[in-house]
Amino acid sequence: MKKTPLYEKHISLGGRIVDFLGWALPVQYSGIVDEHLAVRNAAGLFDVSHMGEIEVKGKEALNFINYIVTNDVSRLVPGKIMYSPMCYEHGGVVDDILIYMHDESNLLLVVNAGNKDKDYQWILDKSKDFDVNVLDMSDSYAQIALQGPKAEGILQKLTDIPLGDLKFYAFKDEVLVDGVKVLLSRTGYTGEDGFELYLSPSDAVHVWDKLLEAGKEEGLLPAGLGARDTLRFEASLPLYGQELSEEITPLEAGLGFFVKLDKEDFIGKSSLLEQKEKGLKRKIVGLEMIEKGVPRHGYEVRSQGKAIGTITSGSFAPYLEKYLALALLDIDFTEVGQEVYVDIRGRDRLAEVVETPFYKRRYKR
Amino acid sequence: MNIPEDLRYTKTHEWVRVEDGRAYVGITDFAQEHLGDIVYVELPEVGSEVEAGDAFCSVESVKAASDVYSPVSGKVIEVNGSLEDEPELLNEDPYENWIAVIEMSDPGEVDALLDAESYAKHCEEEEEEMA
């Protein structure tokens, strides 16, 4: 297993280490529910160094990225970040990524750990006809996420830049955090306000320690992959491999806002256009269990004994205290209020289609 | 880890306390610790007949669902309904919060279960395997 620069920290903090896509990372420290609630009510600190970073540089960098993703990168400005699916020709998803714009000829793509090698190869292959350089820089970056309503106050203790000026989905390079240069990004994957710090692996332990110390009074807890998953799930943020995949298009996943079909040609455009014109046959909706039970990834969803889809993600939602799921269902069963059954370990349990996001985000606009 | 001396145990991490031919059954401290936050308990049905070793109910943590195996044979005569609304009681005190009471058809089965010392050793071995 690969270790992040914070591996020893996780051990000494009592983290329970698991193999996550080949990375030795903590699934939890004090407990998933505890950590989840800390992020909703105060703040949590996550090691997300496993994420991949791919640099795209060169004269045509911006145009090239605009060609390989579905969102409209031409609207991006330096210092801002854009979320976008990146699709195959058939409309299925290669990955969902963050695009950081330094300038038109220098952009950073942040990709899912489990997709990094695939993404890099895909991007490299597609870059042949463009004047760009594509570099996998993942080993040069550690990444720490500080998330929660107290995140700004905690981080402000360690930096002079006025954090109130940094808006959601904006970033600033070479920010000093306790004297250490970081790329500071107001982003996250928890449904809370917060920051992601990209920094040199050799600085990771120092910054991690300083942040934990700075957040002690505010109730900051180190948080593991378990809470990261329940937090993103409760906020109805998609996870690649569950809500998004080679077989599920961004339109089916409810990410139509991030698919700009009116921009010039991009990979997957014709398929997605066709899918939109013909109308979706299935899509991802939220479910709330009416009869108690924990719906989980892969469980079948039924109506009148007939299979109508599957659960993509499901869990007890620790903050909302409900049993919830995201499910990919036949379009005929996707209206809010629709009753369906989830096969939970051999028993059909009643559930109802509900609005998403389950948990309303509180971001810094 | 807490392993009370006066209980009997299974290798699958259930405990048994016998009172008047009735077996109070729950999951051990080791089990709740390794499961993590328990968010749902699927109780057995009162009146159902179980064989020793049957998966007769389940507990679910945030990350996974786990079967609970009956340590003894008999009939389920009572279940701990408070676990339906407060599954976290199994984390807070796994020995106080039994899951079900079984009227044993063969009380001799209890003798075949592990005592505290053997169970402690078994847990140590499992810890080593996981490490």
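Predicted model: local features only at pLDDT ≥ 70, side-chain atom pairs only at ≥ 80, totals over all residues.
Residues are numbered from 1 along each chain as its sequence is written, with chains lettered from A and ligands numbered from 1 in the order in which they are written.

Helices here are DSSP runs of H or I with at least four residues, strands are runs of E with at least two, and both are numbered from the N terminus. Strands pair if DSSP finds at least two bridges between them. Within this pair, Arg22(B) sits opposite Glu103(B) of E9(B).

E2(B), residues 14–19, and E3(B), residues 22–27, are antiparallel and joined by six bridges. Two residues lie between the strands, and Asp20(B) there has a positive phi near 50°.

Stepping back, the open sheet has six strands in the order E1-E2-E3-E9-E8-E5 of chain B, with antiparallel pairing. E1 (8–9) and E5 (49–50) of chain B are at the edges with a single partner strand each, so one side of each has no neighbour in the sheet. E1(B) is held to E2(B) by two bridges, again antiparallel, and Arg8(B) has Val16(B) as its bridge partner in E2(B).

Over to chain A, then, with its eight helices and 20 strands. Its radius of gyration, taken over C-alpha atoms, is 20 Å, close to the 21 Å from the globule rule (2.2 Å times the number of residues to the power 0.38) for 365 residues, so chain A is as compact as a globular protein of that length. Its C-alpha atoms fill a box of roughly 60 × 50 × 40 Å along the principal axes.

My last stop is a helix pair. The axes of H2(A), residues 32–41, and H7(A), residues 225–234, come within 8 Å and cross at roughly 55°; axes are lines fitted to C-alpha atoms over the stretch in contact, with angles from 0 to 180 degrees between N-to-C directions. Residues making the contact (C-beta atoms, placed from the backbone, within 7 Å) include Ile32(A) and Val39(A) of H2(A) and Ala227(A) and Leu231(A) of H7(A). Thanks, all!

Methods: Contact = placed C-beta atoms within 7 Å.
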